[in-house]
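Let's take a friendly walk through a protein model, from its overall surface down to single residue pairs. Please keep the sequence and the 3D view open while you read.

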Amino acid sequence: MKIAICAEKEADRTQIRDLVMEYGITASIPVEPIVFMSAGQLCERMEEWKNISVVFLDISGEREIGLSAAGRIKKMYPQLHVILITACLNDALEGYKVKASGFLLKNDLHNTIKNCLHELLAEEKGHGIKLHFSFVEGEIELELSRIIYIETEGHRNVFHLAETQYHLYKKLDALEEELKAYGFMRIHRSFLVNLWYVERINSYMLDLSNGEELTVPKARYAYVKQEFARYKNV
């Protein structure tokens, strides 16, 4: 996950970078911060970093330049999340005009950056992302957010969706490796679950939002509870 950080002062850049790295370690997500010293430099070099996911842009020291840069970036890359860091919430109105994705107060970054990243990541994980699968039913490009869970059944895996099922001859280990970055967790040797659909975990049972219940083995229960809590509350 590439994250651009733009702040006029070195101390501010360092603080934001450290908080971003701390989030990556806590959430077990590879994070690559890319630091810029000014809004102008950020705009000039955006073409080099088309795969940036989030931009943290500190406008507390150069408000007008920062807002202008945010507007230019959103115009060039409408899907990019631009988060403005400001010393005053009054800047929020101007930020909305340039279609910023959010606002963080500069004096509260320790409490807000990780929550901001968690919400953005939850939004991104599997939502709008599609992968191609060679199902028994045919070649299908499937949006990951539609998959509730995957279950091993004999020599094939069953993809459980709200409205249908698909079948795939592929090892669950390989699917786990492919999908774990998008919020899927192995709760059992035969089950790979999309955490987005998990309501709660209690008494070795995992409750899904579609009303189904899956058993969590005792040996994996503590791990599954820990990972679910991390997914929900990082």
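Accessible areas here come from the Shrake-Rupley method with a 1.4 Å probe, and for residues only the protein chains shown count as cover. The accessible surface of the protein comes to about 12400 Å², and 49% of that surface belongs to carbon and sulfur atoms. This is a predicted model, in which local features need pLDDT of at least 70 and side-chain atom pairs count only at pLDDT 80 or more, while totals for chains, interfaces and linings use all residues. Residues are numbered from 1 along each chain as its sequence is written, and side-chain values use heavy atoms, with hydrogens and water left out.

**Overall picture**

The C-alpha trace spans about 60 × 40 × 25 Å along its principal axes. Of the 234 residues, 46% count as buried, where buried means under 20% relative accessible area, exposed means over 50%, and partly exposed lies in between (1.4 Å probe, protein chains only). A contact means heavy atoms within 4.5 Å. Among contacts between residues at least 6 apart in sequence, 53% join residues at least 24 apart.

**Strands and their partners**

The protein has seven helices and 15 strands. These are DSSP runs numbered from the N terminus: helices are H or I with at least four residues, and strands are E with at least two. Two strands pair if DSSP finds at least two bridges between them. Here are some pairs to find in the view:

| Strands | Sense | Bridges |
|---|---|---|
| Strand 1 (residues 2-6) and strand 2 (residues 32-36) | parallel | five bridges |
| Strand 8 (residues 147-153) and strand 9 (residues 156-161) | antiparallel | six bridges |
| Strand 8 and strand 12 (residues 191-194) | antiparallel | three bridges |

Which residue in strand 2 is the bridge partner of I3? It is P33. Likewise, I150 has F159 in strand 9 as its bridge partner, and E151 stands opposite F191 in strand 12. The hairpin of strand 8 and strand 9 has two residues between the strands, and G154 takes a positive phi near 70 degrees there.

**The nonpolar cores**

In soluble globular proteins, nonpolar side chains tend to be buried together. A nonpolar core is a set of buried Ala, Val, Leu, Ile, Met, Phe, Trp, Tyr and Cys residues joined through side-chain atoms within 4.5 Å. The largest one has 22 residues, and L42, V55, L57, I73 and L84 have the most contacts inside it. Helix 3 gives the most to this core, with four residues. A second, separate core of 21 residues includes I5, I16, L19 and I85.
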